Amino acid sequence: MSNYIAEPFRIKMVEPLSITTRAQREEAIKLANYNLFSLPSKDVYIDLLTDSGTNAMSDMQWAGVMVADESYAGASSYYKIRDTVRDIFQYRYMQPVHQGRAAEKILYPCLLKAGQYSVSNMHFDTTRGHVGLCKAKPVDLVVPEAHDTETVYPFKGNMDVERLENFIREKGAENIGVIVMTITNNTAGGQPVSMANMREVAAVAKKYQIVLNIDAARFAENAMFIKERESGYADRSIIDITREMFSYADCFTMSAKKDGIVNMGGIIGVKENQELFTKVQALTVPFEGFITYGGLAGRDLEALALGLYEALDENYLKYRLGLIRYLGDKLRAGGVPIQYPTGGHAVFVDARKVLPHIPYYEFPGQALVIEAYLEGGIRGCDIGSYMLDPDPETGKQLQAEMELARFCIPRRVYTQAHLDHIADTLISVKDKAETLKGYRIVWQPEVLRHFTAQLEPVNSDILFQEGARK
Ligand code: F0G
C-alpha cells in the first residue's frame, strides 16, 4: 500500500469546517431533495464534489492578488499571464477567458460546422454540450481498458488510435471538424494519456489534416503520470514533458480552475494559426470582454500566472498524485472497488459492483454518494445513469456504460486525516451496501438534470413485489 507523501507546504491560513450529526445530515439531504448539488456547503464536512475552483492558493498567489493591475486594457497582469503561457506551452497566441466552458464556447464554433464530428478520447460534459451547440456530433473513442475498472493499464485515458483512423476513413476526413485529447481523461476516472498516444493521434490528425485540440484542464497531473509511468521520461522535467505534449497539438482549451490552482479562470491557446486566433479574439470581445482581461479580474490573471508554474513543481505533483494513490489503495484494501490504477484528481468508486442489487434506473452511483454523505458528511457526485439526461426522442432513461461515484480531491486543501476519514466512510458504506436502496426522480429540468433534479428514495420492497425490478 502506498505511503502518504507529506505535504511540501505548511498551513498559514485555516478555514473552519462544520461538523454535523447523522440526524442533521438526514434532515439536510431530505431538504435538498436527495440532490447533493442542492446541499448548502455549510452542511458538508469534506467537500469532494469537484476539484474545480476549490483549490487553496499559495502565499505568493495571494501576494499577486494585491499587486495585480486592474486596468481595463493592457494590464501588466495580462502580459504576465500571456508570457507565462508562451513560456510553458510554447504557443504564440493565448486568450484568457473566465473558465473552461467559456474557452469551448469561443473555440468550438471556429472549428466545427453543423453535421461534422468532434472525435475525442472522451469529451467532458461541457465540451460535449458545446459540440452539440455547433450542431456537430461528439464521438468518444477511448481505449477499451478504460471501461473495466479492474484492468490494470497505465494509460487508461488513451485514444483508441485504430478506431480513430477507421472512423475518419468511414466518415471522410472532411466531416471531422476536430480531434480532442482530454488530458487527463476526466470521465474515464482522471486517467492519463501517454506521450506515445499523443504522438500517434497527432500523426493521424496530420495525415488527414484535422485540427488537434487539447482539453488541458489537468495537464500537469498528466505530465507527472508520463514521468512516472512512461519509459524515457523519468529524467525529463515536467515543463519539458508539458512542452512536448503540447507540441503535438494545434490549440488548447483549458479550465484553469484545476491545474492552474486558482478559483476561477480559463485559457485558449493557439500554436501558430493567426487566422484562427483572430476569430477567437473576435468572439472573445462580445462573450467575455476585452481581449486583455477576457472575463477575469487582473488579480485572477496574476494568481493564474503564478499557479501554472506552481503546478509544474515536481515535489507538489509527487505529493498530489501520491495522496490520491494513498486514498485509492486504502479503499482497495478495505474492499471498495475503484477505477484502478487510481486517477490524478479523484477516486471513482464502481457503484455497480458495490450495489449490484440497485438497477441503473434507480441510480447506484447516486445511492452511494447519498449514503457517503449520511455516513461521514462527505460530498461526492454520481457519474453514471443519473447524470445522463433521458433520451431526447423517447424520453426513456438511458443506461450509462459505467456507474461510478466520484470523490474529487481539491488541491492543497485536505490532510491525511481527512483522507483517512473519507476511506473509513466509504468502507462503512460498502459494508452496509445490502441495506441501501435506489432513488427515483420526482422532478427534472429539460437538460443537465443532475444539477437540479429532485429525487426520493425508492421503496424497493414494494417494487420487488410488483416485479418491476430486474
Ligand atoms: N474540460 C474538462 C476535462 C473538465 O473537467 C471541465 C470541468 C471542463 C472542461 C469545463 O471547465 O468548469 O472551468 O467550465 N470539470 C469540472 C469537474 C466541473 O468537476 O470535473 P469549467
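## Ligand surroundings

A side-chain N or O atom of Asp-215 lies 2.7 Å from a nitrogen atom of the ligand. This arrangement belongs to a predicted model, and the description that follows should be read accordingly. On the oxygen side of the ligand, a polar side-chain atom of Arg-101 is placed 2.6 Å from one oxygen atom, while the side chain of Asn-186 brings an N or O atom to 2.9 Å from an oxygen atom of the ligand.

In total the ligand is surrounded by 16 residues, the closest of which are Thr-50, Arg-101, Ser-255, Lys-258 and Arg-406.

## Helix 3 with helix 11

Helix 3, spanning residues 76-89, and helix 11, spanning residues 298-310, have axes that come within 8 Å and cross at roughly 25°. Because angles under 35 degrees count as roughly parallel, helix 3 is roughly parallel to helix 11. Their crossing is left-handed.

From helix 3 the contact draws on Ser-77, Tyr-78, Lys-80, Ile-81, Thr-84, Val-85, Asp-87 and Ile-88, and from helix 11 on Gly-298, Leu-301, Glu-302, Leu-304, Ala-305, Leu-306, Leu-308 and Tyr-309. Sorted by class, the residues of this contact comprise 10 nonpolar, three polar and three charged.

## Helix 7 with helix 9

Helix 7 (residues 195-207) packs with helix 9 (residues 238-247) at an angle of about 20°, the two axes lying 9 Å apart, and this angle makes helix 7 roughly parallel to helix 9. The crossing of helix 7 past helix 9 is left-handed.

The residues that make the contact are Met-195, Met-198 and Arg-199 on helix 7, together with Ile-241, Glu-244 and Met-245 on helix 9. Four of the residues in the contact of helix 7 with helix 9 are nonpolar and two are charged, with no polar residues.

## Helix 8 with helix 12

Helix 8 (residues 219-229) and helix 12 (residues 314-333) pack at an angle of about 85° with their axes 10 Å apart, and they are therefore roughly perpendicular to each other.

Helix 8 contributes Ala-220, Glu-221, Met-224, Phe-225, Lys-227 and Glu-228 to the contact, and helix 12 contributes Glu-314, Leu-317, Lys-318, Arg-320, Leu-321 and Arg-325.

Note on methods
Residues numbered from 1 in each chain as written. Predicted model: local features only at pLDDT ≥ 70, side-chain atom pairs only at ≥ 80, totals over all residues. Heavy atoms only, no water. Axes fitted to C-alpha atoms, helices over the stretch in contact; angles between N-to-C directions. Helix = DSSP H or I, 4+ residues; strand = E, 2+ residues; numbered from the N terminus. Parallel < 35°, antiparallel > 145°, perpendicular 65-115°, else oblique. Left-handed = near helix turned anticlockwise from the far one by under 90°. Contact = heavy atoms within 4.5 Å. Nonpolar A, V, L, I, M, F, W, Y, C, P; charged D, E, K, R; others polar. Near = heavy atom within 4 Å. Polar contact = N/O pair within 3.5 Å; in protein donor to acceptor, adjacent residues only side chain to side chain.
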